[in-house]
Amino acid sequence: MQWETVIGLEVHTQLTTKSKIFSGASTAFGAEPNSQACQVDIALPGVLPVLNKGAVECGIRFGLAIGAKLNRVNVFDRKNYFYPDLPKGYQISQFPLPIVEGGSLDIQVGEGDKAVTKTIRITRAHLEEDAGKSLHEDFHGMTGIDLNRAGTPLLEIVSEPDMRSAAEAVAYAKALHTLVTWIGTCDGNMQEGSFRVDANVSVRPVGQQEFGTRREIKNLNSFRFLEQAINYEVRWQIEQIEDGHKIQQATVLFDPDTGETRMMRTKEDAHDYRYFPDPDLLPVKLDDDWIDRIQAAMPELPGAMRARFQRDYGLSAYDALGLTSQREMATFFTDTLALAGEANAKLVANWLQGEVSASLNRDEKDITQAPIAPAQLADLVKRIADGTLSNKLAKQVFEVLWTEGDQHGHSVDAIIEAKGLKQMSDSGEIERIIDEVLAQNQKNVEEFKAGKEKAFNALVGQVMKATKGKANPAQVNELLKRKLA
Amino acid sequence: MTYHSLKQLAGQLATGKASSVELCQDYLARIQARNPDLNAFITVDAERTLAEARAADALRAAGNAGPLTGVPIAHKDIFCAEGWLTTCGSKMLYNFVSPYDAHVIEQFKKAGMPTLGKTNMDEFAMGSSNETSYYGPVKNPWDMARVPGGSSGGSAACVAAGLAPAATGTDTGGSIRQPAALCGITGLKPTYGVVSRYGMIAFASSLDQGGPMARSAEDCALLLNVMAGFDGRDSTSLEREQEDYARDLAKPLNGLRIGLPKEFFGEGLTGDTAKAVQEAIAQFKKLGATTVEVSLPNSGLSVAAYYVIAPAEASSNLSRFDGVRYGYRTPDYTDLTDMYEKTRAEGFGSEVKRRILIGTYVLSHGYYDAYYIQAQKLRRLIAQDFAEAYRQCDVILGPTAPTTAFKLGEKADDPVQMYLSDIYTIAVNLAGLPGMSLPCGFDGQGLPIGLQLIGDYFSEARMLNVAHQYQLATDWHQRTPGGF
């Protein structure tokens, strides 16, 4: 039987506010346990929550970015359950009236020229507070509780079950990651848990209308784990069904060491969270002025920028996606372009997507940590465009810039000068070298004249070698042909 | 000075006839002598009180005294006060020394008013007789075999017995007004949002409101001037101009329109209470007021709505008492669930457990719409009834409680009878209105009877004016229990 995979994601994005969503304590990562938990966070008797407007603003920004409906009145509810790292015995979240409803995000499905755009619908996004952390190691027979994270603001973004493969799920998660970091509502740091993904996965026979029973994979904190977990889960579910078993609705955990998912709890163990509006907090009212101000301050979004790059600069969908994968990358691109000239857009894109990205990956660096500046890349591209540098020489210059230069130091021209990397374009000089080469390689000359094309290439190679690669290969070709004619 | 008004005490301090230290020493001595019988206080800490009194005297010496600087006050043990044991009447918090001050406590500290002690109360403010306190019941100074009412029973009893000139209370369904009535003192529950709830241990967040309990309306006005005010740490605190609640005390009552809800004067109201209330009405007429019959058709449903909403909120509010971070934790447990279950089974009393169960039930999947949503609808209807009534009158008048103080143990095993003690007061909390109780007579057994005034939103100054004018014409509020 042919099976179809159905995936919906719930993504917890930690918001970038300096203080917590309902208290003044800091949200900075990595502090001593419980040093960033104030009396509100530890839920002393009598304390009350006060909403951080910055968190609401993040919610508005996200809603605007995905073209969603913003609920002009949205409400905080209490989700009641007991756990030691949940100090109040309830989590303040939003249930029937979240801040954001609807909206969508476009992803690219497929590689290269075959890539197509697919729209993933977003169900809702709601504000809530994070819980603390239970530390099961280091305390023999006991559990340590760190409440630094308790009360950290989150925007939970819930998608419709619109994805049909792990690859699509990853593409969506990446697009969402790009968007929330782009608009600055989340720092996107997955190691620190700022962007955590839950995947609802089910399978059904191709052609069947109803969804299969889903299992939810909790807390995936890398795109690789997301892909591995979904692929494992899909195989497992298909096997189960083909073996005659039914899928039980359940929550599962992914173990990166074994690459398998394992059951956490079934639907029968599910809590009745007894949601009700938190009487300590008033309904949140969003007025048009506030929304308009936030809208006015919104940057151009990655989707719009992608379309613009393709339209105005003739870039491929693949290049446009790559250049807008991160706001800083897009800025690097546009900054470089402003100096190199729009006519060189493709060249700039190629360099950023090629040499720059490869070097960043190799050095495990981010574009913000790149040792070269847009001005230097622009100079480099200009020297390629005006024929001063061949691609090969340009790579050598780039190497110097990358390893020796700092962002403000070496200029491209200085490196070309100092290392003698300038492309030879003086045809007199090249001709002189060609004559020498021809004189020393009479055998090749004779072979060529006898009709052996290969001999010609050998001669070109000899000329390039003699010029230490600085000759313009096209020019060498032309001059050689003329001499041998 | 036992039964002096706040104004008199402030006068003694201002003229140098007494120091705050001396006043506090006198009250502490009375507490030491009488509290063992009365059980109005859970915690007394003379050293701490006297330190605060010395600070108040220093403030006065430096010329920085406010109107009530140096006058001591007792605080209901629901208010977190830094360095004070704060139990909320529960075993669950038997060892909880608060590391911070409630907004109300801060306000009294700023006013230079020393804390005389923390008063006894029904556990987590759940009760109408003070019998649910883990620290034992409070006795009614008018009859030591009877209850003082609740939940602010300790506060009411200590003021009635002259162990403190004033006290703070909180009122979720009548917890200031009903004990004030049963102990023959004056108490006021302000409009919801006038007094900050920050640091006031939550019972039912949408109903809880702190307020003053004292010997007269005038004293309550002075205390409300201290307690009231916007607090950014309570999202339901109202940002309003600071007002002087004593500003209208002296106004005559000519032209005052008193609304008499026919539902309050039905068959439930009989005997001495009915008679005393009627006499009070006659007195108001003498003072120039007119009366008009009004109707609160949904008030009969208020107890039902209240016992859905209040337990629902309480069940969630009390979840933080889990033995993990502070307060009581069971000594023996096998795992986390066992720790939770035993801690909460041992730490909470039966009335608190009953309400947590009710609240959990009404919020459960499948019941929420039938109970909680319905109750919220009733709540809106009840508020609309009052709004309608205030088109015809300035203040609503009726009894505070259906009976005078009942005997200890009399209703302890009958929760529904106990819940009906608040039948006249609960609607006020559901609507968020201000209400007060003041003494208006005694029954055949010499027990005080309370008169309730209910005002429109933010009409505290007007209500206090009405009550004060009544108290100028009567002396019920000046009567004191024999033996104290």
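1. A salt bridge is taken here as a side-chain nitrogen of Lys or Arg within 4 Å of a carboxyl oxygen of Asp or Glu. By that rule the count between chain B and chain A is one salt bridge, formed by D280(A) with R197(B), whose closest N and O atoms are 3.1 Å apart.

2. This is a predicted model, in which local features need pLDDT of at least 70 and side-chain atom pairs count only at pLDDT 80 or more, while totals for chains, interfaces and linings use all residues. Residues are numbered from 1 along each chain as its sequence is written, chains are lettered from A and ligands numbered from 1 in the order in which they are written, and side-chain values use heavy atoms, with hydrogens and water left out.

3. On the interface of the two chains, 38 residues of chain B are in contact with 30 residues of chain A, contact meaning heavy atoms within 4.5 Å. The buried area, which is the accessible area (1.4 Å probe) that two parts lose on being put together, summed over both, is about 2,700 Å² between chain B and chain A, with carbon and sulfur atoms giving 57% of it.

4. Chain A is divided into domain 1 (3-291), domain 2 (300-419) and domain 3 (427-484), with bounds that come from an automatic or database domain assignment. The C-alpha centres of domain 1 of chain A and domain 3 of chain A lie 65 Å apart.

5. For chain B the assignment gives domain 1 (6-240 + 247-255 + 469-478) and domain 2 (300-378). The contact between them takes 21 residues from domain 1 of chain B and 20 residues from domain 2 of chain B, and the centres of these domains, taken over C-alpha atoms, are separated by 27 Å.

6. Domain 1 of chain B and domain 2 of chain B bury about 1,700 Å² between them, 68% of it on carbon and sulfur atoms. Of the area that domain 1 of chain B buries against domain 2 of chain B, M92(B), M126(B) and F203(B) supply 38%, more than any other three residues. Between domain 1 of chain B and domain 2 of chain B the count is zero salt bridges.

7. The largest cavity holds about 130 Å³ of space. Its lining (residues with an atom within 4 Å of a point) comprises 18 residues, of which V40(A), D41(A), K88(A), E129(A) and G151(A) are the closest to its centre.

Conventions:
1 Å grid on protein atoms, 1.4 Å probe; cavity = no way out; pocket = protein on both sides within 12 Å on 5 of 7 lines; lining within 4 Å. Points joined across faces, edges and corners; volume = space filled by probe spheres on them.
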